Amino acid sequence: MKPTAIAAFLVLATLAQPVPARAEGADIFKGVATAKTAWDVTVGDEKKFNDRMDLIRETAESLKKRGIQPDFMVLIRGPATKFVTKTLDATNFEKEKDKIKNMAGAQATLKKLKDSGVPVEVCAVAMGVQKVAKDNVQPFVAIADNVWENLIVLQNKGYAYMPVD
């Protein structure tokens, strides 16, 4: 056999090996005390935004039931910035006013997260791009200079990065 044929055979033989599955009944949650997660929220569609925020809340509740303390941060930027405003008037989102059916509902979901101990931050860079004034941000939302910086630091501190788009 030629050396390349032998090498190819060895590579294929290696790749064909079965991957060991997690043992049935193994508890992947065992030994985990805290679930550190940075949620990078950019979704601009109202229905998707509400669904994702509810899912984040449900995830936190589920982890607590398993005895795991969620250490979540919700970082909002891009098109999702609209959901933390007091009004869309005089912003780049103004043209979307008629498309948003329940802004109060979206904000109530965010406030529930905040009230449960999950910090909610919006990116000042995104605010500038979208012409959202600081006094137009809901009071339960903190303004971060640049959430990309925050995401980098949080990942370096061991937070899982979860994109929400």
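What follows is a set of questions and answers about this predicted model.

Q: What makes up the fold, and how do the elements run from the N terminus on?
A: The protein has five helices and five strands. From the N terminus on, they run α-β-α-β-α-β-α-β-α-β.

Q: Why are β1 and β2 called paired strands?
A: Pairing asks for at least two bridges between two strands. Eight bridges join β1 to β2, so the pair meets that cut-off. The two strands run parallel, and T34 stands opposite Q69 in β2.

Q: Why are β4 and β5 said to stand at the edges of the sheet?
A: The sheet is open and has five strands, in the order β4-β3-β2-β1-β5 with parallel pairing. β4 (142–144) and β5 (160–164) each have a single partner strand, so one side of each lacks a neighbour in the sheet. Neighbouring strands are turned by 30 degrees against each other on average, with direction ignored.

Q: What makes α5 a helix that packs on the sheet?
A: Its contacts do: α5 (residues 147–156) touches β1, β2, β3, β4 and β5. A contact here means heavy atoms within 4.5 Å. The direction of α5 makes about 155 degrees with that of β2.

Q: What makes a group of residues a nonpolar core, and which residues have the most contacts inside the largest one?
A: The members must be buried nonpolar residues joined through side-chain atoms within 4.5 Å. The largest such core has 32 residues, and V41, F49, M53, V74, I76 and L110 have the most contacts inside it. Two or more residues come from each of β1 (34–41), α2 (46–65), β2 (69–76), α3 (103–115) and β3 (120–123). α2 gives the most, with five residues. Apart from this core lies another, of ten residues, including M73, L75, A144 and V147.

Q: Which residues does V41 touch, beyond those up to four places away in sequence?
A: V41 touches F49, M53, V74, L75, I76, R77, A80 and V164.

Q: How do you know that α3 has the span expected of a helix?
A: The expected span is 1.5 Å times one less than the number of residues. α3 has 13 residues and reaches 18 Å from its first C-alpha to its last, close to the 18 Å expected.

Q: Which residues of α3 are called buried, and what do they pack against?
A: Buried means under 20% relative accessible area. In α3, M103, G105, A106, Q107, T109, L110 and L113 are buried. The buried residues of α3 pack against α2, β2 and β3. Just after α3, G117 takes a positive phi of about 105 degrees.

Methods: Residues are numbered from 1 along each chain as its sequence is written. This is a predicted model: local features need pLDDT of at least 70, side-chain atom pairs count only at pLDDT 80 or more; totals for chains, interfaces and linings use all residues. Side-chain values use heavy atoms; hydrogens and water are left out. Helices (H or I, at least four residues) and strands (E, at least two) are DSSP runs, numbered from the N terminus. Buried means under 20% relative accessible area, exposed over 50%, partly exposed in between (1.4 Å probe, protein chains only). Axes are lines fitted to C-alpha atoms, for helices over the stretch in contact, and angles run from 0 to 180 degrees between N-to-C directions.
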